[in-house]
Amino acid sequence: MKIVIVCLVIFVMSLPIQGQEGLRTGFYASSCPRAEAVIRSTVEAHFNNDPTIAAGLLRLHFHDCFVQGCDGSILIVGASTERTAPPNLGLRGFEVIEDAKTQLEALCPGVVSCADILAIAARDAVDLSDGPSWSVPTGRRDGRVSSSSDALTNLPSPLDSVAVQRQKFGAKGLNDHDLVTLVGAHTIGQTDCIFFRYRLYNFTSTGNADPTINPSSLGQLQGLCPKDGDGSKRVALDIGSQLKFDASFFKNVRDGNGILESDQRLWGDSSTRTIVQNYAGNIKGLLGLRFDIEFQKAMVKMSSIEVKTGVQGEIRKICSKFN
């Protein structure tokens, strides 16, 4: 039985993946055949220097796709661009994308888009963190609009209820299954105390903490984030496994150890709770593997949101500037 399952997984992973909106795997096979290898080596070099950059790259791609679609608009520098919006002020990994772009412009000028670099880099970041790898459909072009107000409207917030998360994901063509699966990206990475400390003190305006927090973890979290302490102090989103891409995040949510309010709320909604429970199941290995497979599919779906292809948009020469 185990052999059959493994063979099936290998078969599924080997199938060519067709993206939406005209994307396809192997888009650069003729025009820049070394494109993905250059991006991989760049991501790996930065990852070897700082493994936490993996979560940064994954988050960067997510924030890009939810505003103006997956078009590299998050990379633009300037007044009132997406990068200046409050939800984006802590984003990391821009230098990795610029590094890869510089190399690719020397190798294949004007061919590989910044949006595709970001999508491929996110995949490689997951793979380097002991997560799955998948074929990334490519052919995205870079957008010509980057607006901070759009970011404020479209990006999910740590304060969002499940209903609001559902609305924001649904507006991008993503369902509850996609929502929970993609939030599972929080299995790697950290957040600032300022984004969840309010849950630890006077959450109910009567001096009590958020009642959904596991009481056995409350003291530890309060120790990490004192009431009047440094709000920029970083705390792992997946306690005990912050550098390894696995299903332990869902076990933490199930056990009341979700760090962000929006993450923990997934356990309080009947639809999202069922999905969390499936990923957090006790059958060792198999359910973790299933999350790996579902995450690949959800990422291909997300990275196809409102993409620009063909003659739309442009291929930037520098990722932080419009041509």
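Reply: A disulfide is counted here when two cysteine sulfur atoms lie within 2.5 Å of each other. The model is predicted, and by the distance rule it contains four disulfides. If the bonded cysteines are counted along the chain, they pair as 1-4, 2-3, 5-8 and 6-7. Three of these links are described below.

Take C193 and C225 to begin with. Their sulfur atoms are 1.9 Å apart, and the angle about the S-S bond is -75°, which makes the link left-handed. C193 sits in the loop between strand 1 (190-192) and helix 9 (215-224), while C225 sits in the loop between helix 9 and strand 2 (234-236). The pair thus joins parts of the chain that are 32 residues apart. Both C193 and C225 are buried.

The disulfide of C114 and C319 has an S to S distance of 2.1 Å. The torsion about its S-S bond is about -95°, so this link is left-handed. Since C114 lies in helix 5 and C319 in the segment after helix 13 (286-302), the bond ties together parts that are 205 residues apart in sequence. C114 has a relative accessible area of 0% and so is buried; C319 also has 0% and is buried.

C65 and C70 form a further disulfide, with 2.0 Å between the sulfur atoms. Here the angle about the S-S bond is 120°, and the link is right-handed. C65 is buried at 0% relative accessible area, and C70 is buried at 0% as well.

Now to the packing of helix 5 against helix 3. Two packed helices are described by the angle between their axes and the distance between the axes. Helix 3 (residues 53-65) and helix 5 (residues 114-128) pack at about 145°, with 8 Å between the axes. The crossing is left-handed. On the side of helix 3, the contact is made by A54, L57, L58, L60, H61 and D64; on the side of helix 5, by L118, A119, A121, A122, A125 and V126. Of these residues, 10 are nonpolar, one is polar and one is charged.

Side chains also meet in salt bridges, of which the whole structure has 22. R166 takes part in two that can be followed here. One is with D176, at 2.9 Å from N to O. R166 is in helix 7 (residues 162-170) and D176 in helix 8 (residues 176-183), 10 residues apart. The other is with D269, at 3.0 Å. D269 is in the loop between helix 11 (261-264) and helix 12 (270-279), 103 residues from R166.

Buried or partly exposed: which applies to R166 and its two partners? The limit for buried is under 20% relative accessible area. D176 has 15%, so D176 is buried, and D269 is buried because its value is 18%. R166, at 30%, is partly exposed.

Another salt bridge joins D160 and K168, at 3.0 Å from N to O, and both of these residues are buried.

Terms used
Residues are numbered from 1 along each chain as its sequence is written. This is a predicted model: local features need pLDDT of at least 70, side-chain atom pairs count only at pLDDT 80 or more; totals for chains, interfaces and linings use all residues. Side-chain values use heavy atoms; hydrogens and water are left out. Axes are lines fitted to C-alpha atoms, for helices over the stretch in contact, and angles run from 0 to 180 degrees between N-to-C directions. Helices (H or I, at least four residues) and strands (E, at least two) are DSSP runs, numbered from the N terminus. A crossing is left-handed if the near helix is turned anticlockwise from the far one by less than a right angle, and right-handed if clockwise. Contact means heavy atoms within 4.5 Å. Ala, Val, Leu, Ile, Met, Phe, Trp, Tyr, Cys and Pro count as nonpolar, Asp, Glu, Lys and Arg as charged, and the others, Gly among them, as polar. A salt bridge is a side-chain nitrogen of Lys or Arg within 4 Å of a carboxyl oxygen of Asp or Glu. Buried means under 20% relative accessible area, exposed over 50%, partly exposed in between (1.4 Å probe, protein chains only).
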